[in-house]
Amino acid sequence: MKPAEAQVVPPSVAPFPSRFLRAAFDRRAPHWADADFLMREIAARLASRLEYIKLQPRRVLDAGCGTGADLVALGERYPSAYRIGLDASAAMTIAAASQGAASGWRRLLRAAPAFGVVQGDFSALPLADACVDLVWSNLALHWFREPHRVVPEWHRVLSNDGLLMFSAFGPDTLRELRAAWAEVDTLPHALTPTDMHDLGDMLVQSGFDTPVADMETITLTFETPEALLRDVRLLGVNPQPERRGGLTGKRRYGALLGALERQRRADGTLALTFEIVYGHAWKVPSKTDAAGHAVIRVQDIGRGGRSRGM
C-alpha cells in the first residue's frame with residue numbers, strides 16, 4: 001500500500017494535451033517507416049532481455065504499438081499469445097492493424113491466436129484489471145509528462161506474476177539540440193523525459209516488485225545541421241505545444257543552424273545524443289492480512305526496489 005502523499009510527481013509542467021499528441025502522431029503515421037530505425041534498434045535491445053526471463057504469456061499488451069512492428073515481433077516470440085496493440089493515434093492503430101493482417105499467414109500456419117488493436121489513453125487503459133501477462137512498451141512512456149498516471153495503469157492490467165518490459169528516453173536525450181536552441185531563445189523545443197530513478201520510484205509506489213533498470217547512451221552523427229534537424233522531425237522527439245509553428249522564420253532558423261555548426265566535433269561531424277532507459281518489473285500478489293492491512297517484510301524495508309542504477 002502506498003500513501004498518496006509519497007507519490008513521485010514530475011516537475012510542475014503542463015501535460016501534453018491528448019489531442020495534441022494524437023494529431024502529432026496521426027501526421028507521422030504515413031511516414032513512420034522513414035523514422036523507425038531507432039525504435040527497431042531499441043526494440044531489439046529490449047527484446048534481448050527476454051532471453052533470460054522464463055515467461056509464456058497468454059495475453060500481451062504492446063502499449064504504444066505505433067504501426068505494429070513490435071506486435072509482429074512479439075507474435076514470433078510468443079506464437080500462442082493473444083496480442084493487444086494500443087496507441088493514442090488512430091492513424092497508428094490503423095497501420096498496426098494492417099501490418100498484423102499482412103502477417104496473418106504465419107498465424108494460420110502456426111494456429112496462433114489473433115491479435116487486436118485499440119486506440120486508447122495510456123493513463124486510462126480501456127482494458128480490464130489483471131487481463132494481460134506481459135506489458136511491453138518501447139519508447140513510448142516519455143511522451144507523457146505525467147508518467148505517474150501511466151505506471152499504475154500498467155500495474156492494474158497485469159495479472160499476478162505478470163511482467164512489465166519498457167524502454168524510454170532519459171533526460172540527456174537531445175542535449176545538443178537543447179543547447180543550440182538555448183542560444184536562440186528560451187522557449188522549450190524538445191522533450192524533457194523523466195529521470196530513471198524517478199521512474200524506479202514510481203514503479204515501486206505503483207506496486208511493482210523490485211524493478212530493475214539500466215541505461216545506455218546512443219549517439220547519432222550527421223554531416224550537416226539540416227540532416228540532424230530532418231531526423232529530429234522524423235523521429236518526432238520535438239513535439240512541444242508551447243513552441244511556435246514551424247521553425248518560425250528564416251532568421252531564427254539560421255541562428256539555430258549556426259549554433260549547431262559551432263558544435264562540430266574534431267572529425268567534422270555533428271552529434272545527437274539519445275539516453276535510453278530499459279526497465280522491467282514483476283507484479284506480485286499484494287501482501288495484506290485478513291483485515292486488509294499491508295504486510296511489509298523486515299527485509300524489504302529500505303530496499304526501495306532498486307537494482308542496477310534504480
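Asp214 has a relative accessibility of 17% and therefore counts as buried, where buried means under 20% relative accessible area, exposed means over 50%, and partly exposed lies in between (1.4 Å probe, protein chains only). The model is predicted: local features need pLDDT of at least 70, side-chain atom pairs count only at pLDDT 80 or more, and totals for chains, interfaces and linings use all residues. Residues are numbered from 1 along each chain as its sequence is written, and side-chain values use heavy atoms, with hydrogens and water left out.

Which residue does Asp214 pair with in a salt bridge? The partner is Arg49, and the closest N and O atoms are 2.7 Å apart. A salt bridge here is a side-chain nitrogen of Lys or Arg within 4 Å of a carboxyl oxygen of Asp or Glu. The elements are DSSP runs numbered from the N terminus, with helices being H or I of at least four residues and strands being E of at least two.

A search of the whole structure finds 16 salt bridges. One of them joins the side chains of Arg252 and Asp185, at 2.0 Å from N to O. Arg252 belongs to helix α10 (residues 250-261), whereas Asp185 sits in the loop between α7 and α8 (196-205), so this pair links parts that are 67 residues apart in sequence. Both Arg252 and Asp185 are buried. Salt bridges with shared partners also join Glu41, Arg45 and Glu216 into one network.

Another salt bridge is formed by the side chains of Asp172 and Arg175, at 3.1 Å from N to O. Here Asp172 is partly exposed, with a relative accessible area of 33%, and Arg175 is partly exposed as well, at 40%.

The backbone is the next topic. Most residues other than glycine have a negative phi. Leu174 has a positive phi near 65°. Leu174 is in the loop between β5 (158-169) and α7 (175-182), and its relative accessibility of 1% makes it buried. Ala130 also has a positive phi, near 50°. Its place is the loop between β3 (115-119) and β4 (132-138), and at 38% relative accessibility Ala130 counts as partly exposed.

Helix α7 has a buried set made up of Glu176, Leu177, Ala180 and Trp181. Those residues cover an arc of only 135° around the axis, which puts them on the same side of α7; the arc is that of the directions from the helix axis to the C-beta atoms. What do the buried residues of α7 pack against? They pack against α9 (225-235), α10 and β7 (270-283), with contact meaning heavy atoms within 4.5 Å.

The cysteines remain. Cys65 is buried, with a relative accessible area of 6%, and Cys131 is buried at 15% relative accessibility. How many disulfides are there? The count is zero, a disulfide being a pair of cysteine sulfur atoms within 2.5 Å.
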